[in-house]
Amino acid sequence: MKKDLISNHIQLNPEGKLIHLLGLEGLSKQQLTHILDVADSLIDSSGNLKKSKALDDMSVANLFFEPSTRTRNTFEIAAMRNSANVINVDLANSALKKNEALLDTMHTLKAMQIDMFVIRHKQNGLPHHVAQNLEDVSILNAGDGINAHPTQALLDMLSIRQHKKSFKDLSVAIVGDITHSRVAHSDIQALKTLGTKDIRLIAPERLQHNSERCSAVECFSNIEPGLKDCDVIIVLRLQKERMLEADIPNEQEYFDNFGLTSERLALAKPDAIVMHPGPINRGVEIDSAVADGKSSIILQQVTNGIAVRMAAMQILAGKS
Ligand code: NCD
């Protein structure tokens, strides 16, 4: 399925209120900023997450059809910190294994009075399809195929905003497997909406972005010029599970040409921050000295994931 065919229009009701979170295209700067502001308000002055009663009459179901550590667990913690009931649907042992259609499973869960569904699936547009076919519930896209990962992009923007003054004057480099990255796609969308003009995509040709997916970005096939004087570096994993066998690069060769090392990081601005959505593969896309170094905010991103997901749930529930 071509990315461009997937529309997020159903995430807004006729009054323009967000009722699902499927992707960031179609959301205004004000809407993105509002989600970030609500997330910020859920973090206290010492950096600790607050608790909220906002969803104390609601139930949330996590449906993860692909592996996940950060996204699944932070969605679960976010639901709990919003005082919602939360279930992690055991998909491996569900009726789907007895050939029940996905929408029948969803209707069944809805009959258990689930109000919000968090869905990760390998198929582009699957959360959109569910949102179209299940009434009176909210769908949160936790990553669909190579299409979108809106809450990851929002937590990335919150993390950038905690370190940098304005999105407008930033130079942001995204390095790695852009082709297969729903994170890159949503990050680019968020950065553009928030006003960033200098967005650089650094990747070997075969893993570079498809121009139909995004415009107004600069592409680099060499990492050194791409990193020069940038403020933010977002590193991506080689998503081998989405590549054809023949396209999988040799890891050593990839690290030699595109791995983020301390020497390469020194090309960026001295106060540049290093980000990564995880999972990280040390010695492939990033050197341990950088992943654990003083510029890295990788674990802060994880914590911010809870605040952003709490905020998204509150907004969809009409509570913020
Ligand atoms: C990413 C994903 O699943 O898209 N990870 C995440 O959600 N934290 C990126 C990846 O898998 O490489």
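**Reading strands and domains**

Colleague: Which residue in S2 stands opposite Ser-59?

Modeller: In this predicted model, Ser-59 faces Asn-85 of S2. Strand S1 (residues 59–64) and S2 run parallel and are joined by four bridges.

Colleague: Nice! In what order do the strands of the open sheet lie?

Modeller: The order is S2-S1-S3-S4, four strands with parallel pairing. Strand S2 (85–88) and strand S4 (138–144) are the edge strands, each pairing on one side only. On average, neighbouring strands are turned by 15° against each other, direction ignored.

Colleague: Which strands does helix H11 lie across?

Modeller: H11 (residues 298–316) lies across S1, strand S3 (116–121) and S4, and its direction is at about 145° to S4.

Colleague: Now the domains: how is the chain divided?

Modeller: The domain assignment gives domain 1 (3–148 + 302–316) and domain 2 (150–298). Their centres, taken over C-alpha atoms, are 25 Å apart. Domain 1 brings 36 residues to the contact, and domain 2 brings 29.

Colleague: How much area do domain 1 and domain 2 bury between them?

Modeller: First the general idea: an interface's size is often given as the accessible area lost when the parts come together. Here the two domains bury about 2,700 Å², 60% of it on carbon and sulfur atoms. On the domain 1 side, Leu-24, Leu-36 and Ile-146 lose the most area to domain 2, together 24% of what that side buries.

Colleague: How many salt bridges are counted between domain 1 and domain 2?

Modeller: Four. There are also 11 residue pairs in polar contact between the domains. Helix H1 (29–41) is one of the elements supplying domain 1's touching side, and H1 gives the most, with eight residues.

Conventions: Residues numbered from 1 in each chain as written. Predicted model: local features only at pLDDT ≥ 70, side-chain atom pairs only at ≥ 80, totals over all residues. Heavy atoms only, no water. Pairing = 2+ DSSP bridges. Helix = DSSP H or I, 4+ residues; strand = E, 2+ residues; numbered from the N terminus. Axes fitted to C-alpha atoms, helices over the stretch in contact; angles between N-to-C directions. Contact = heavy atoms within 4.5 Å. Domains from an automatic or database assignment. Buried area = accessible area lost by both parts, 1.4 Å probe. Salt bridge = Lys/Arg side-chain N within 4 Å of Asp/Glu carboxyl O. Polar contact = N/O pair within 3.5 Å; in protein donor to acceptor, adjacent residues only side chain to side chain.
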